[in-house]
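Take a guided walk through the structure shown here.

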Amino acid sequence: MVFNTKRLKLVACTPEFLSTISPEEYEIGAHVKGHVTELQSDASQLGWGVWFVVDKATDAIVGDIGFKGKPSGNQTVEIGYGIIPSAQNKGYATEAVGALIEWAFASGQVKRVIAECLQDNFASTKVLGKLGLRQIGREDTMLKWEMKKK
């Protein structure tokens, strides 16, 4: 699964795609490895886990984004994301998160997207606010956000 935005290509994580990435190219986190393990036992997880964010101009992976599993019984997914330091402050997170939220709502399986971030993570609060998610609460140092399908 691959889709394009104006400047980015979002590539759903699969064992095949993962095998093409060298450790020097992009550091693979535990969340990526965990998702690949889940995919091997449940192919329906494809799209509901990790997606790689690729800069179309350079063909370099600039981050990863994704959901923390398939939609819940109440049609909710939680989104998370990270962009490498050298690619931050270029609008990539906003572009990628916005596109993935659009994809989730268009799937017909999602009516609500939630997210959380540290209250002092000003870059993430800016991204989430810019995309129209609204802050719905706080738990310790974490801010809780949501967007409902229109």
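From β3, Val50, Phe52 and Val54 point one way, while Trp51, Val53 and Asp55 point the other way, and all are buried. Buried means under 20% relative accessible area, exposed means over 50%, and partly exposed is in between, using a 1.4 Å probe and protein chains only. β3 is mostly covered, with 6 of its 6 residues buried. Strands here are DSSP runs of E with at least two residues, helices are runs of H or I with at least four, and both are numbered from the N terminus.

This is a predicted model, in which local features need pLDDT of at least 70 and side-chain atom pairs count only at pLDDT 80 or more, while totals for chains, interfaces and linings use all residues. Residues are numbered from 1 along each chain as its sequence is written, and side-chain values use heavy atoms, with hydrogens and water left out.

Which strands pair with β3? Two strands pair if DSSP finds at least two bridges between them. Lys9 has Val54 of β3 as its bridge partner. β4 also pairs with β3 in the antiparallel sense, over 6 bridges. There, Phe52 stands opposite Asp64 in β4. β3 and β4 form a hairpin, with 4 residues between them. In that turn, Asp59 has a positive phi of about 60 degrees.

Next come the aromatic rings. A search of the whole structure finds 7 aromatic pairs. Rings of Phe, Tyr and Trp (its six-membered ring) pair if their centres lie within 6.5 Å; planes under 30 degrees apart count as stacked, over 60 as edge-to-face and the rest as tilted. One of the pairs is Phe17 with Phe52: the ring centres are 5.5 Å apart and the planes meet at 45 degrees, so this pair is tilted. The pair links distant parts of the chain, with Phe17 in helix α1 (residues 15-18) and Phe52 in strand β3 (residues 50-55), 35 residues apart. Phe17 is partly exposed, at a relative accessible area of 24%. Phe52 is buried, at 0%.

Trp48 and Trp103 make another pair. Their ring centres are 4.9 Å apart and their planes lie at 50 degrees, so this pair is tilted. Trp48 sits in the loop between α2 (30-41) and β3, and Trp103 in helix α3 (residues 92-106), so the pair ties together parts that are 55 residues apart in sequence. Trp48 is buried, with a relative accessible area of 5%. Both Trp48 and Trp103 belong to one aromatic cluster with Phe3, Trp51 and Phe67.

Now look at the nonpolar interior. In soluble globular proteins, nonpolar side chains tend to be buried together. A nonpolar core is a set of buried Ala, Val, Leu, Ile, Met, Phe, Trp, Tyr and Cys residues joined through side-chain atoms within 4.5 Å. The largest nonpolar core has 33 residues, and Ile65, Ile79 and Ile101 have the most contacts inside it. Elements that give two or more residues to this core include β3, β4, β5 (76-83) and β6 (112-118). α3 gives the most, with 9 residues. Leaving aside neighbours within four places in sequence, Ile79 is in contact (heavy atoms within 4.5 Å) with residues including Ile65, Phe67, Val97, Ile101 and Val113. Apart from this core lies another, of 11 residues, among them Val11, Cys13, Val32 and Val50.

β5 and β6 run parallel and are joined by 3 bridges. Val77 has Val113 as its bridge partner in β6. β6 has a covered face of Val113, Ala115 and Cys117, and an uncovered one of Arg112, Ile114, Glu116 and Leu118.

The last stop is α4. Its buried residues are Ser124, Thr125, Val127 and Leu128. Seen down the axis of α4, they fall within an arc of 160 degrees, so they line one face of the helix. That arc is taken from the directions from the helix axis to the C-beta atoms. On the other side of α4, Phe122, Lys126 and Lys130 are exposed. What covers the buried residues of α4 includes β5, α3, β6 and β8.

Ser124 shows this packing at one residue. Ser124 counts as buried, at 10% relative accessibility. Its side chain joins that of Tyr81 through a polar contact of 3.2 Å. A polar contact is a pair of N or O atoms within 3.5 Å; within protein, one must be able to donate a hydrogen and the other to accept it, and residues adjacent in sequence count only if both atoms are side-chain atoms. After α4 comes Gly132, whose phi is positive, near 100 degrees.
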